[in-house]
Amino acid sequence: MKAPPSEELDLQAEDRTRLPQDHTQAILETTKRVAALLKASEQPFALAGSVAAFAHGVPAHFQHDTDFCVRPEDSEAAIKALEDGDIAMRRAPEDWLVKGRSGGEEIDLIFELARRPVSRELLDRAVLLPVDSVWMPVLSPTDLMESKLAALCEHYCDFGDLLPMARMLREQIDWRRLDDDHRAAPLADAFLYLLERLRVIGPRNGA
């Protein structure tokens, strides 16, 4: 039986309240909150992942969480800073990150990037950029691309996110360094070869 018009309007209004939240803005709000807490605690950090790419000008195509790099020796202080800010933190099965949740959005505190511990040198290379009006240190374009190349594996080999990033940031990335570091890795090397064939980057030495 069809509901009366007044009841239909009530059901439509209820459905509108159940519409999914703007996920992009929710992740940005979480990113800003985490950065504010880390800055207040004076813990060195840098934004990573898809939100970092967005901060550098790559169109927003966020993953399911927001990522922050901290040094292993600073991890306990960083965790405490977030917990003191009412962000629930939990240990992950992996020993190189800790996960958190704020307002329904996931947070990753990462202690190891590109298979290497987060270092002072990595954080010193970070660039201070605004993320939705809040300034914070963001991984340099080269370090950001390196982290993406290092993540490629037989179970995850999606060039769909990497190619727009490479096109947008190509003049800011040290491709020679990435070629030297990743030529022996088949999947990363295949992506660099693709960039060469598409003329996103110039010919690689020794190619």
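User: Why does E106 count as buried?

Analyst: Its relative accessibility is 13%, and buried means under 20%, so E106 falls in the buried class. The model is a predicted one, and the value is computed from it.

User: E106 forms a salt bridge with R90; what makes it one?

Analyst: The closest N and O atoms of E106 and R90 are 3.5 Å apart. The cut-off is 4 Å between a side-chain nitrogen of Lys or Arg and a carboxyl oxygen of Asp or Glu, so the pair qualifies. E106 sits in strand β5 (residues 105-110) and R90 in strand β3 (residues 88-91), and the two are 16 residues apart.

User: Is R90 buried, partly exposed or exposed, and why?

Analyst: R90 has a relative accessible area of 41%. Partly exposed lies between the 20% limit for buried and the 50% limit for exposed, so R90 is partly exposed.

User: How do you know that the side chains of D143 and R125 meet in a salt bridge?

Analyst: The N to O distance for D143 and R125 is 2.9 Å, and the limit is 4 Å, so the pair passes. D143 belongs to helix α6 (residues 141-151), while R125 is in the loop between α5 (120-124) and β8 (127-131), so the bridge ties together parts 18 residues apart in sequence.

User: Why is D143 called buried, and why is R125 called partly exposed?

Analyst: D143 has a relative accessible area of 3%, and R125 is at 38%. With buried set at under 20% and exposed at over 50%, D143 is therefore buried and R125 partly exposed.

User: What makes the pair of R204 and D189 a salt bridge?

Analyst: Their closest N and O atoms are 2.8 Å apart, against a limit of 4 Å. R204 is in the segment after α9 and D189 in helix α9, 15 residues apart. Both residues are buried. The structure holds 19 salt bridges.

User: How is the crossing of helix α8 and helix α9 described?

Analyst: The axes of α8 (residues 175-182) and α9 (residues 186-197) come within 9 Å and cross at roughly 145°. The crossing is left-handed. On the α8 side the contact is made by W175, L178, D179 and H182, and on the α9 side by A188, D189, L192 and L195. These residues divide into five nonpolar, one polar and two charged.

User: Which residues have the most contacts inside the largest nonpolar core?

Analyst: They are F68, L109, M145, L149 and W175, in a core of 54 residues. Helix α2 (residues 23-41) gives the most to this core, with five residues. Leaving aside neighbours within four places in sequence, W175 is in contact with M145, A166, R170, L192, L195 and I201.

User: Why does A35 count as buried?

Analyst: The relative accessibility of A35 is 0%, and the buried class is anything under 20%, so A35 is buried. A35 lies in helix α2. Beyond its neighbours within four places in sequence, A35 is in contact with F45, F68 and M136.

User: How many of the 207 residues of the protein chain, in percent, count as buried?

Analyst: The share is 45%. The chain has nine helices and nine strands.

Conventions. Residues numbered from 1 in each chain as written. Predicted model: local features only at pLDDT ≥ 70, side-chain atom pairs only at ≥ 80, totals over all residues. Heavy atoms only, no water. Axes fitted to C-alpha atoms, helices over the stretch in contact; angles between N-to-C directions. Helix = DSSP H or I, 4+ residues; strand = E, 2+ residues; numbered from the N terminus. Left-handed = near helix turned anticlockwise from the far one by under 90°. Contact = heavy atoms within 4.5 Å. Nonpolar A, V, L, I, M, F, W, Y, C, P; charged D, E, K, R; others polar. Buried < 20%, exposed > 50% of the residue type's maximum accessible area, 1.4 Å probe, protein only. Core = buried A, V, L, I, M, F, W, Y, C linked by side-chain atoms within 4.5 Å.
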